[in-house]
Amino acid sequence: MESHKNQRFSARLGFALRGFAHAMRSEASLRLQALAGVAALLVLLLVRPPAVWWALVLLASAAVLAAELFNTAIEHLADVLHPQQSSGVRVVKDCAAAAVLIAVLGALGVAAALLVHLLWAAP
């Protein structure tokens, strides 16, 4: 396997896109979260909130996708390094899944705050 260190930016971007494409093909939860991110973007386009809300929603959506990708990477690495059942590996995978849950709850909190803002700002 070639080293990812000290490669041109275009090569490193290719590695990242290849990883994202693999995760999108193999992980239903990532596809669902990406769809939720697209839906959030469509809501932003529809309601046109102030710029700070665009930043918060996009940041929260990116955090969820990043957490899903980290979870996928950790699960694959754990499976390669320790293919048999292990209570230690189970804890690692559970913690990675918990990180995704925390990111999703944070994103839902941003969505709820935006909804409250929109309702309060309504004439």
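Glu68 is buried (under 20% relative accessible area, with exposed over 50% and partly exposed in between, using a 1.4 Å probe on protein chains only), yet has no salt bridge. A salt bridge here needs a side-chain nitrogen of Lys or Arg within 4 Å of a carboxyl oxygen of Asp or Glu. The nearest side chain of opposite charge, Arg31, is 11 Å away; Lys and Arg count as positive, Asp and Glu as negative, and His and the chain ends are not counted.

This is a predicted model, where local features need pLDDT of at least 70 and side-chain atom pairs pLDDT 80 or more, while totals for chains, interfaces and linings use all residues. Residues are numbered from 1 along each chain, and side-chain values use heavy atoms, without hydrogens or water.

**Around Glu68**
- Glu68 sits in helix α3, residues 51–81; helices are DSSP runs (H or I, at least four residues), numbered from the N terminus.
- Beyond its neighbours within four places in sequence, Glu68 is in contact with Ser29, Leu30, Gln33 and Val100 (heavy atoms within 4.5 Å).

**Helix α3**

**Helix α1**
- Ala11, Phe15 and Ala23 are the buried ones in α1.
- They sit on the same side of α1 because they cover an arc of only 115° around the axis, taken from the directions from the helix axis to the C-beta atoms.
- Phe9, Leu17 and Arg25 are exposed on the other side of α1.
- Cover for the buried residues of α1 includes α2 (28–47) and α3.

Key: Helix = DSSP H or I, 4+ residues; strand = E, 2+ residues; numbered from the N terminus.
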